[in-house]
Amino acid sequence: MLAKWWKRILMIILIIACLFNVTTKLVRNLSIEDELLSSAQYIQDQQDAEKAENVIK
């Protein structure tokens, strides 16, 4: 009887820990707008570097 209670208690703790972990990961993600802006900035920097390289040649 006591083993059943421990199993239930530990299962509830495990579920709560998993939910907390998932929630934390979702909250810490960057917004999609920030991701798109950083990607666009990276591509712009790459294109500028290629243009500068072509001017030197």
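Helices are DSSP runs of H or I with at least four residues, strands are runs of E with at least two, and both are numbered from the N terminus. Now to our protein. The model is predicted, so local features need pLDDT of at least 70, side-chain atom pairs count only at pLDDT 80 or more, and totals for chains, interfaces and linings use all residues. Residues are numbered from 1 along each chain as its sequence is written, and side-chain values use heavy atoms, without hydrogens or water.

The protein has two helices and zero strands. Its radius of gyration is 25 Å, well over the 10 Å that the globule rule gives for 57 residues, so the protein is more spread out than a compact globule. That radius is taken over C-alpha atoms, and the rule is 2.2 Å times the number of residues to the power 0.38. The C-alpha atoms fill a box of roughly 80 × 20 × 10 Å along the principal axes.

What share of the 57 residues is buried? Buried residues make up 0%. Buried means under 20% relative accessible area, exposed over 50%, partly exposed in between, with a 1.4 Å probe and protein chains only.

Look at helix α1, residues 2–28, where W5 sits. W5 counts as partly exposed, at 47% relative accessibility. R8 lies over the face of W5, 5.9 Å from the ring centre. The cut-offs: CZ of Arg or NZ of Lys within 6 Å of the centre and within 35 degrees of the ring normal.

L2 is in helix α1 too. L2 is exposed, at 60% relative accessible area. From L2 to N21 is 19 residues in sequence and 29 Å in space, C-alpha to C-alpha.
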